[in-house]
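Colleague: I'd like to learn how to read this model with you. Can we go through it feature by feature?

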2 protein chains.
Amino acid sequence: MKKVKVNGKTCIGPTQSQPEIILLKKRIKQSTDEIKNLSLLFKIAGTETALKILYLLSIERELCVCDMAEILEMNVSAISHQLKRLSLFRLVTSERRGRTIFYSLRKNQFNEYLKGLFAIIDEVYEGTNNSSIFTTK
Amino acid sequence: MKKVKVNGKTCIGPTQSQPEIILLKKRIKQSTDEIKNLSLLFKIAGTETALKILYLLSIERELCVCDMAEILEMNVSAISHQLKRLSLFRLVTSERRGRTIFYSLRKNQFNEYLKGLFAIIDEVYEGTNNSSIFTTK
DNA sequence: TTTTTATTTGAATAATTGTTCAAATATAAT
DNA sequence: ATTATATTTGAACAATTATTCAAATAAAAA
C-alpha cells in the first residue's frame, strides 16, 4: 500500500527508457542557468506594466518617468521600479536632461521581437486584421 | 507646499505635449487587452518550471507527466499544474494512451520562437559558442 | 539659500502565484 | 471486484512580486 519509488523513478509505466531519462536530466542540468535567465527575461515581459512601458517606447522614441505615469495612470514610483528592472535587463536606457530623465528602448533582439508583436497588435486597430491575437487561451 | 496636479498631469516639466499624452493614452487604452494577453503568454514562459517543460518537449517529441516530474526532480502535481496552464494557452497538447498521458509541443509561432532560443542555449554546450546568453543583466 | 520639480530608493503592504498535500478520477492489471 | 498506477484537482501554504508610501537625492528655479 505504501508508495515506493522503483529505481528512484516516480513511476513505472510504459514511458521513456531509463537511459533517455538520464540524458534529459543531464541536458536540463547543463542548461538550467540559461533557462533561468531566459525565464527572468520573459518574466519582465510578463509584467503588464513593464510590457506597457515597452509598448509606449515602441511608439514614442523617448519618454520621461512622469509622462509614463500620467499615460498609464499609475504611481510614478511604480513606473520607476519597473524601469529599474527593465534597465537591469538592458531593455531600456536612460538619459538625464536637467531634472528629467528620458527613457528609451535599447536596441537588441528581444526588443525587435517585441516591436514585431506590437505591430501585430496595432494592425488590429488599423483594420488590417480584426481578430484577437495572443488569445490562444 | 501641497502637491497639486496641474491640468490633471502628474508633473509639469519639459515633457511631451498634452495632445501627445492624450494620443498615447488612447493607444494604450485601445490595446490594453491585447497587451494583457501577451503579457500572460510571457508570464508562462517566465515561469521556470513551465519553460523547462517546453525545453524538454523541444528535445523529446512527447513525454508523460511522470517522466517530466522525474527529470525535473519535482512533484508530479506541480508539473501537472504547469501543464494545465501551458495547455490553456495552447502551448502543449496531450494524448492519452492507456493510463499515461503524453504531452507534446503544439505547433505555433511562439513555440517556434522558443525553439530558436533553445537552440542558441544548446550551442553553448556544443562549443559553437561559449558565452552566457540572455544574461543581459 | 530655499523652494520646487523629477526621480529614485527601501521598507511595508497587498496581491499574486507556484508548490505541496490529500483526495478524486481514470485506466489497466490482478 | 479489488488493487495498482497515472494523472488531475482544489484547497492550503509558502514564496514571490507589484505597488504604495514616505523619505532621500538631484537638478533647476526663485
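Predicted model: local features only at pLDDT ≥ 70, side-chain atom pairs only at ≥ 80, totals over all residues.

Colleague: Which residues does A:T47 touch, not counting residues up to four places away in sequence?

Modeller: Start with the term: contact means heavy atoms within 4.5 Å. By that rule A:T47 touches A:Q82 and A:R85. As for bookkeeping, residues are numbered from 1 along each chain as its sequence is written, chains are lettered from A and ligands numbered from 1 in the order in which they are written, and side-chain values use heavy atoms, with hydrogens and water left out.

Colleague: Where does A:T47 sit, and is A:T47 buried or exposed?

Modeller: Helices (H or I, at least four residues) and strands (E, at least two) are DSSP runs, numbered from the N terminus. A:T47 is in the loop between α1 (18–45) and α2 (48–59) of chain A. For burial, under 20% relative accessible area is buried, over 50% is exposed, and in between is partly exposed (1.4 Å probe, protein chains only). With a relative accessible area of 18%, A:T47 is buried.

Colleague: What elements does chain A have, and in what order do they run?

Modeller: Chain A has five helices and three strands, and from the N terminus on the order is α-α-β-α-α-β-β-α. Of the 137 residues in chain A, 46% are buried.

Colleague: What relates chain B to chain A?

Modeller: The idea is to superpose the copies by least squares on the C-alpha atoms of residues with pLDDT of at least 70 in both. Here a rotation of 180 degrees with 0.0 Å of shift along its axis puts chain B on chain A, at an RMSD of 0.0 Å. That is the relation of a two-fold axis.

Colleague: How many residues does each chain bring to the contact, and what area do they bury?

Modeller: Chain B gives 64 residues and chain A gives 64 residues. Buried area is the accessible area (1.4 Å probe) that two parts lose on being put together, summed over both. For chain B and chain A that comes to about 6,500 Å², 64% of it on carbon and sulfur atoms. The copies meet through the same surface, because 100% of the interface residues of chain B are also interface residues in chain A.

Colleague: How many salt bridges cross the interface of chain B and chain A?

Modeller: The rule wants a side-chain nitrogen of Lys or Arg within 4 Å of a carboxyl oxygen of Asp or Glu. It finds eight salt bridges across this interface, and one of them joins the side chains of B:K29 and A:E73 (3.1 Å, N to O). On the side of chain B that touches chain A, the largest share, 20 residues, comes from α1(B).

Colleague: How many residues of α3(B) are buried?

Modeller: Eight of the eight, so α3(B) is largely enclosed by the rest of the structure. Its cover includes α1 of chain A together with α2, β1, α4 and β3 of chain B.
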